[in-house]
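Work through the exercises below with the sequence and the 3D view at hand. Each task is followed by a solution in steps.

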Amino acid sequence: MKETTKIPYKIYLEESEMPKQWYNVRADMKNKPAPLLNPATHQPMTFEDLRPVFCDELVKQELDDTTAYFDIPQEIRDFYKMYRPSPLVRAYCLEEKLQTPAKIYYKFEGNNTSGSHKLNSAIAQAYYAKQQGLKGVTTETGAGQWGTALSMACSYFDLDCKVYMVKVSYEQKPFRREVMRTYGASVTPSPSETTEVGKRILAAHPGTTGSLGCAISEAVETALGMDGYRYVLGSVLSQVLVHQTVIGLESKIAMDKYGIKPDVIIGCAGGGSNLGGLISPFMGEKLRGEADYQFIAVEPASCPSLTRGKYAYDFCDTGMVCPLAKMYTLGSGFIPSANHAGGLRYHGMSSILSQLYDDGLMEARSVEQTEVFRAAEQFARVEGILPAPESSHAIKVAIDEALKCKETGEEKTILFGLTGTGYFDMVAYEKFHNGEMTDYIPTDADLQVGFDGLPQM
């Protein structure tokens, strides 16, 4: 399809054009993601199994792999209007700088106080907790975007919010921590001495800088031990990817409006919420045979779950208290190097994205963090947005693809997700500018330690 008009620098939808439903890509998948398993019995988790951990409505969404669309409640849609629809931006300045024939677009999710896309699911999960009459929720956060988003959402609905923040991020990102506290959340560095699982992890790994798997274990233990609380998660789970499809749905509506069809769609990949949210509506077309796209997941070379992980059932957390999920994983005991500053620290990948990747419907690339920050700096200097380190993984590969077009003369259209801003990540930028940032790539022996801990099925 040819572009029919001059494309604006920023494409905004009208409120009336905003999606009224989330899309569930599982409904169109021929090979469904494998079910979550009870770690004790290795049988598929049921509604009753998951009820003590998650909100009832979220459990229903998690287990439903046949319903294509879920209605977005009006209260959530009203909240979305504070910062959505988010702009789809044509990166004219970046195109000019690269001297590429490629057309580059990015969906910018940083126009809210949390600074990222995470608020799309945080408000949904807080809403369902409030509807259920709960007192509060617990969660983990890595770089801090999810914790910030959830603290905002809980403040909106007058819910208590307890956040376990990966220790290295807690120390490197004090301002992100203080935003959470401003919105009323309590923030604990993980692993901590406040939970039994935290104590065990600290005993086994003295001085550890933590991981998302550790923080998840502590948050789940806390939720199970408190009446009127449930655990909520910012990525990985199918329910979260469903909520994040508002990103891809808005992108597709905006592109269709101007007769634009992307050839390549790129997203950073940690647990999978941003990538899954961006690609799902386009992937649905591919699954139904209506259109074809190239999908690229970009992950850090220091935490390469898709590119070097194993596709197997594994615990979602380091403390091994959560259900087993079939996913590309480095092992629940894997802890990224302390010098890893770029986010995307989770040991596994969404079961949905893992299945799509295993089926050959998308590809994955890993990039080193100094390259990521070089791309971030280049982008900031020409596009005027300081990107989050996580988003910059996608920027790096978008630039790579645009330069390939420069070499071949192809006029491809590239779409990538700019998940948020990097204004709370200045310690990492400082290390990059001071030449103190290094690239760490785990050896096969390093990864084998994690693989050796995979559960025997």
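**Exercise 1.** Find how much space lies in the second largest cavity, and state the classes of the residues that line it.

Solution. Step 1: the second largest cavity holds about 90 Å³ of space. On a 1 Å grid over the protein atoms alone, a cavity is a set of points where a 1.4 Å probe fits but cannot get out, and lining residues have an atom within 4 Å of a point. A volume is the space filled by probe spheres set on the points, which are joined across faces, edges and corners. Step 2: among the lining residues are Leu36, Phe54, Ile216, Cys316, Cys322 and Tyr346. Step 3: the lining divides into 11 nonpolar, no polar and no charged residues. Here Ala, Val, Leu, Ile, Met, Phe, Trp, Tyr, Cys and Pro count as nonpolar, Asp, Glu, Lys and Arg as charged, and the others, Gly among them, as polar.

The model is predicted: local features need pLDDT of at least 70 and side-chain atom pairs count only at pLDDT 80 or more, while totals for chains, interfaces and linings use all residues. Residues are numbered from 1 along each chain as its sequence is written, and side-chain values use heavy atoms, with hydrogens and water left out.

**Exercise 2.** Describe the lining of the largest cavity.

Solution. Step 1: the count comes to 5 cavities of 30 Å³ or more, and about 440 Å³ of space lies in the largest cavity. Step 2: 30 residues line the largest cavity, with Lys118, Leu212, Ser235, Gly271 and Leu344 nearest its centre. Step 3: two or more residues each come from β6 (136-141), α6 (145-156), α10 (212-224) and α12 (273-287); helices (H or I, at least four residues) and strands (E, at least two) are DSSP runs, numbered from the N terminus. α12 has the largest share, 3 residues. Step 4: by class, this lining has 11 nonpolar, 15 polar and 4 charged residues.

**Exercise 3.** State how helices α5 and α11 pack.

Solution. Step 1: α5 (residues 119-131) and α11 (residues 238-257) pack at about 125 degrees, with axes 8 Å apart. Axes are lines fitted to C-alpha atoms, for helices over the stretch in contact, and angles run from 0 to 180 degrees between N-to-C directions. Step 2: α5 and α11 are therefore oblique to each other. Angles under 35 degrees count as roughly parallel, over 145 as roughly antiparallel, 65 to 115 as roughly perpendicular and the rest as oblique. Step 3: residues in contact (heavy atoms within 4.5 Å) include Ala124 and Tyr128 of α5 and His243 and Ile247 of α11.

Conventions:
1 Å grid on protein atoms, 1.4 Å probe; cavity = no way out; pocket = protein on both sides within 12 Å on 5 of 7 lines; lining within 4 Å.
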